[in-house]
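Subject: Handover of a structure and the findings from it

Dear colleague,

Please find below the structure that I am passing on to you. My notes on what was found in it follow directly after.

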Amino acid sequence: QVRGDRILAVDADPDCGNLADRAGQSSEVSVTDLLADKDIDSSNALRAYTKMTDANLEVIASAQYSVAQRDFNADDWTGVSQLVRPYYNLVLADCGLGLFHSASLGVLSTVSDVVVVSTATVDGARQAATTLDWLRLNGYQELASRACVVINHVTPGRPSVDMKDLITQFERHTLP
């Protein structure tokens with residue numbers, strides 16, 4: 001909404017993610033349908049596969065789990081990113097939790113930055129820290145050092161951890 005340019009979020013979760021649902025944009029078409037269309041030659045053609053949020057973010061949904069023929073993989077990510085690159089200023093990928101999965105590795109091989117989302121809980125913080133450690137130990141040191149950590153507290157009331165301490169912990173591992 002702030003940027004004002006064309007931004008696309010792709011659900012790249014190999015396990016049929018829920019990005020479109022979380023964005024309030026359920027869709028009858030998916031990234032699988034986009035990949036099957038060999039006639040994409042304009043942004044208007046792409047819009048048949050996206051839904052626009054109130055913040056002007058376009059979203060491409062993953063395939064519905066019940067009808068998916070297979071999981072989303074690195075080749076799918078490569079195909080999607082090549083298709084959309086000419087039409088969007090920024091492309092976001094919402095990956096699943098499995099960093100070893102082909103789709104996640106495909107995304108990591110093409111991105112310039114990562115955002116790691118953590119809940120405001122001990123378990124969430126531990127998972128986010130583990131993700132940053134995994135990036136550092138598996139050849140993605142630059143991404144890890146530039147990572148943006150988002151602490152997402154959506155449960156009413158106080159978080160179950162000290163937020164200042166949690167922020168301090170992540171600041172030790174990422175650039176300000």
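Gln 1, Gly 4, Asp 5, Ile 7, Ala 55 and Asn 56 line the largest cavity. For volumes, grid points are joined across faces, edges and corners, and the space filled by probe spheres set on the points is taken.

Please note that this is a predicted model, in which local features need pLDDT of at least 70 and side-chain atom pairs count only at pLDDT 80 or more, while totals for chains, interfaces and linings use all residues. Residues are numbered from 1 along each chain as its sequence is written, and side-chain values use heavy atoms, with hydrogens and water left out.

The largest pocket has a volume of about 1900 Å³. It is lined by 49 residues, of which Ala 93, Asp 94, Cys 95, Val 115 and Val 117 are the closest to its centre. Helix α6 (residues 122–137) gives the most to this lining, with seven residues. Helices (H or I, at least four residues) and strands (E, at least two) are DSSP runs, numbered from the N terminus.

Asp 94 belongs to strand β4 and is partly exposed, at 23% relative accessible area; here buried means under 20%, exposed over 50%, and partly exposed in between (1.4 Å probe, protein chains only). Between the C-alpha atoms of Asp 94 and Ala 125 there are 19 Å in space, and the two are 31 residues apart in sequence. Val 115 is in strand β5 (residues 115–119) and is exposed, with a relative accessible area of 54%.

**Surface patch**

Val 115 also takes part in a nonpolar surface patch with Val 117 and Val 150, which together have about 250 Å² of accessible area. Patches are made of residues with over 30% relative accessible area and no salt bridge, like charges being joined within 9 Å and nonpolar side chains (Val, Leu, Ile, Met, Phe, Trp, Tyr) within 5 Å. The areas come from the Shrake-Rupley method with a 1.4 Å probe, and for residues only the protein chains shown count as cover.

**Salt bridges**

How many salt bridges are there? The count comes to eight, a salt bridge being a side-chain nitrogen of Lys or Arg within 4 Å of a carboxyl oxygen of Asp or Glu.

One of them joins Arg 3 and Asp 5, at 2.8 Å from N to O.

In another, the closest N and O atoms of Arg 47 and Glu 58 are 3.5 Å apart. Arg 47 lies in the loop between α3 (43–46) and β2 (51–52) and Glu 58 in strand β3 (residues 57–60), so this pair ties together parts that are eleven residues apart in sequence. Glu 58 is buried, with a relative accessible area of 2%, while Arg 47 is partly exposed at 39%.

Within helix α6, Arg 136 and Asp 133 are three residues apart, about one helical turn, and their side chains form a salt bridge of 3.1 Å, N to O. Both residues are partly exposed, Arg 136 at 25% and Asp 133 at 37%. Elsewhere, salt bridges with shared partners link Arg 6, Arg 47 and Glu 58 into one network.

**Confidence**

The chain has an average pLDDT of 86, and 95% of the residues score at least 70; pLDDT is the predictor's confidence in each residue, from 0 to 100. Where pLDDT is low, the predicted coordinates should not be read in detail.

With kind regards

Definitions and conventions. On a 1 Å grid over the protein atoms alone, a cavity is a set of points where a 1.4 Å probe fits but cannot get out, and a pocket is an open set with protein on both sides within 12 Å along at least five of seven lines; lining residues have an atom within 4 Å of a point.
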